[in-house]
Amino acid sequence: MNDEQLTRYSRHILLPEIGIEGQEQIRRTHALVVGAGGLGAPVVIYLASAGIGTITLCDGDEVDLTNLQRQIIFRSADVGRPKVEAARDAIAKLNPEVRVVPIHARIDGDTLDQVVAGVDIVADCSDNFPTRHEINRACARHHKPLVSGAGVRFDGQVTVFDLRDANSPCYSCLFPEGTGVEETRCALMGVFSPLVGVIGTIQAAEILKLAVGVGTSLNGRLLLLDALAMEWRSVQLRKDPACPVCSQGALKAPACE
Ligand SMILES: [Zn+2]
């Protein structure tokens, strides 16, 4: 690290849990952030300010006036621009050392699989169940830690599925696919502005902890926030031994795909 970097990251380096070695680890980390919305905004802002090496940011949308109430990486002048391009420009102003790979598309299938294979950590900041399940399957296949956040109205949830660990539950253990869970149309729901900031900030904290390899992650624990009462609950998650995504039998199959 050069003098400017030592100064920029000095408040991290002062932490014995991080130090120069941990900061170097952060710089070597490549994170995939799926969704540049209310959750993705604080995630990429904190990852960039903390000096993460590379962020691949995926989102197919353009900035809409309704986004500005909570998607704090965007400015009024960004309305109409592809979100990933506006976010890339904002990150460049904040920390030009961070490499950003913008993908202006809602990626799925083989493309998502290839992107997940090439990163260290994945943040699910998406807004729909099909994408969440696709991300989860790709992370299970490639044994990548998945930092998952969600928020609507005043209710938020955040957890880590550390799929490097064979005993870790996955998103599908928690929310099995096709069990009639009513799809919440996020586009039509209200969202309390700082709720997604709180949840996204916790996702960023978990990503940085995983990058450094410090502390205890949220793996196997789901944090639930009721922002109206401002109360947290912590729920232990269990691996579903019959999970079609992460159980023993399921994980033997992917070589054929
Ligand atoms: Zn599972």
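Trainee: Which residue forms a salt bridge with Glu206?
Mentor: Lys209 does, and the closest N and O atoms are 2.7 Å apart. A salt bridge here is a side-chain nitrogen of Lys or Arg within 4 Å of a carboxyl oxygen of Asp or Glu. Keep in mind that this is a predicted model, where local features need pLDDT of at least 70, side-chain atom pairs count only at pLDDT 80 or more, and totals for chains, interfaces and linings use all residues. Residues are numbered from 1 along each chain as its sequence is written, and side-chain values use heavy atoms, with hydrogens and water left out.

Trainee: Where do Glu206 and Lys209 lie?
Mentor: Both are in helix α9 (residues 193–212), three residues apart, about one turn of the helix. Helices (H or I, at least four residues) and strands (E, at least two) are DSSP runs, numbered from the N terminus.

Trainee: Is Glu206 buried or exposed?
Mentor: Glu206 counts as buried at 6% relative accessibility, while Lys209 is partly exposed at 24%. Buried means under 20% relative accessible area, exposed over 50%, and partly exposed in between, with a 1.4 Å probe and protein chains only.

Trainee: How many salt bridges are there in the whole structure?
Mentor: The search finds 10. One of them joins Arg27 to Glu24, with the closest N and O atoms 2.8 Å apart. Those two are three residues apart in helix α3 (residues 19–27), so about one helical turn separates them. Arg27 is partly exposed at 36%, and Glu24 is buried at 15%.

Trainee: Which residues are linked in a network of salt bridges?
Mentor: Asp78, Arg81, Arg88 and Asp89. Within it, Asp78 bridges to Arg81 with the closest N and O atoms 3.3 Å apart. Asp78 counts as buried at 10%, and Arg81 as partly exposed at 25%.

Trainee: New topic, the metal. What are the protein donors of the zinc ion?
Mentor: The SG atoms of Cys170, Cys173, Cys243 and Cys246, lying 2.3 Å from the zinc. Donors are N, O and S atoms within 2.8 Å of the metal (3.2 Å for Na, K and Ca); water is not among the atoms, so sites may look incomplete.

Trainee: Why is the arrangement tetrahedral?
Mentor: Because the four donor atoms subtend angles of 95 to 122° around the zinc ion. Four donors count as tetrahedral if all angles lie between 85 and 135 degrees.

Trainee: How are the donor residues spaced in sequence?
Mentor: As C-x2-C-x69-C-x2-C. Cys170 lies in the loop between β6 (155–162) and α8 (171–174), and Cys243 in the loop between β8 (231–236) and α10 (248–252), so the pair ties together parts 73 residues apart in sequence. Cys170 is buried at 0%, and Cys243 is buried at 1%.

Trainee: And how many aromatic pairs does the structure hold?
Mentor: Three. In one, the rings of Phe161 and Tyr171 have centres 6.2 Å apart and planes at 85°, so that pair is edge-to-face. Rings of Phe, Tyr and Trp (its six-membered ring) pair if their centres lie within 6.5 Å; planes under 30 degrees apart count as stacked, over 60 as edge-to-face and the rest as tilted. Phe161 is buried at 0%, and Tyr171 is buried at 4%.

Trainee: Which residues form one aromatic cluster?
Mentor: Phe161, Tyr171 and Phe175. Phe175 is partly exposed at 23%.

Terms used. Tetrahedral: all angles 85-135°; square planar, octahedral: opposite > 155°, others 65-115°.
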